[in-house]
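Here is a short walk through one predicted model. Keep the viewer open and follow the residues as they are named.

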Amino acid sequence: MNTVMTRFGQWLTFVVLAASTVALAQQKPADYPTRPIRIIIGVAPGAGADYVAKLTSDILIKQWGQNVVVDPRPGGGGVIASGIAAKAPPDGYTLYQNGFGLLFQGATKRVDFDVMKTFEPVVRTTSQPYILLAHLNLAATSVKELVALSAAKPLTYAGSSGVGSSVHIGMERLARVSGLKAKYVAYKGSSPAILALMGGEINMAATSAMSAVAAVKTGKVRAITSLGQKRVAVMPVTNQYNIWVPAKTPPAIIATLNQVISGGMNSPDIEKQLLSRGSEAVDPMPPKQLKVEIERDYADIQKSVKELGLTF
């Protein structure tokens, strides 16, 4: 009975929050948008984040007929992009796409501001696991074989947007629990990392499923394992893209962005595109509920960073 009441309570809370979001969206300022919107990302063009940001851009353009540009600002493990987005005016014309990376930046003190006070979450767009890729010449086809191989000489790997990124910290956790000896090599996103892997500069790359699927199809790399909940439960490394705006952005603008972007991502056409690339749209979620979930994620990440003793 208690379980039933708890689920009913969660459902009722969602309904109330959703109704509030719809009401705010309907109150969208009549003069928004009147000029181009930009979506800042912290990786180089061609990465999974770039693809999702362009999907978001297309959704907004289709809805409002206003130009929306994707603005790649790679480097510093995403810190450069976060710093630029943090200084943007809270007017709804600068969106920042980032997932757990922003939370890792805050947890490891790699930015000089409180990420949860500086930004306001708008919408969660997609979710996909990270996939561990290996060079074809690497004599290993499983994590167990990688661990054995690394005992003689540490393996090199890359992925994501640099030191302190989701991939870096996630792989550090994997190394701790599995005994894998690995050395991180920083690149400005998954695309440069995959090119380096194909060229034999590094042994492995951990990238989002979207980038990994395309890389495996070239026949130049092999997939070792999914680092998501289903395959590596002790150390899940998943990638969920969120859209953020600077704090103090009008709630009505946040609400309407949430509805338009979430609705577009969950449309049949885009869902099909995402599934073909190893990703999926996230079920619609009101901004207030999303913030609660992100605050919980942030607390978990802070705890993990402390337990691992990671400093940068």
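Is D71 buried or exposed? D71 is buried, because its relative accessible area is 15%, and buried means under 20%. Its side chain meets that of R73 in a salt bridge, at 3.0 Å from N to O. R73 is partly exposed, with a relative accessible area of 32%.

A search of the whole structure finds 7 of them. One of them joins D91 and R35, whose side chains meet at 2.9 Å, N to O. D91 sits in the loop between α3 (79–86) and β3 (94–98), and R35 in the loop between α1 (2–26) and β1 (37–41), so the pair ties together parts that lie 56 residues apart in sequence. D91 is partly exposed, with a relative accessible area of 23%. R35 is also partly exposed, at 39% relative accessibility.

Next, go to K291. K291 forms a salt bridge with E120, and the closest N and O atoms are 3.1 Å apart. This pair links distant parts of the chain: K291 belongs to helix α12 and E120 to strand β4, 171 residues apart. K291 is partly exposed, with a relative accessible area of 23%. E120 counts as partly exposed too, at 21% relative accessibility. Elsewhere, salt bridges that share partners join R38, D71 and R73 into one network.

Stay with strand β4 (residues 119–135), which also holds T125. Is T125 buried or exposed? T125 counts as buried, because its relative accessibility is 2%. Look at what surrounds T125. Leaving out residues up to four places away in sequence, T125 touches V52, T56, Y241, I243, I261, M265, E280, A281 and V282.

Finally, turn to helix packing. Helix α12 (residues 287–308) meets helix α4 (residues 100–107): their axes come within 9 Å and cross at roughly 50 degrees. That angle makes α4 oblique to α12. The crossing of the two helices is right-handed. Which residues of α4 and α12 meet? From α4 come F100, L103, F104, G106 and A107; from α12 come I294, D297, Y298, I301, Q302 and V305. The residues of this contact divide into 8 nonpolar, 2 polar and 1 charged.

Notes
Residues numbered from 1 in each chain as written. Predicted model: local features only at pLDDT ≥ 70, side-chain atom pairs only at ≥ 80, totals over all residues. Heavy atoms only, no water. Axes fitted to C-alpha atoms, helices over the stretch in contact; angles between N-to-C directions. Helix = DSSP H or I, 4+ residues; strand = E, 2+ residues; numbered from the N terminus. Parallel < 35°, antiparallel > 145°, perpendicular 65-115°, else oblique. Left-handed = near helix turned anticlockwise from the far one by under 90°. Contact = heavy atoms within 4.5 Å. Nonpolar A, V, L, I, M, F, W, Y, C, P; charged D, E, K, R; others polar. Buried < 20%, exposed > 50% of the residue type's maximum accessible area, 1.4 Å probe, protein only. Salt bridge = Lys/Arg side-chain N within 4 Å of Asp/Glu carboxyl O.
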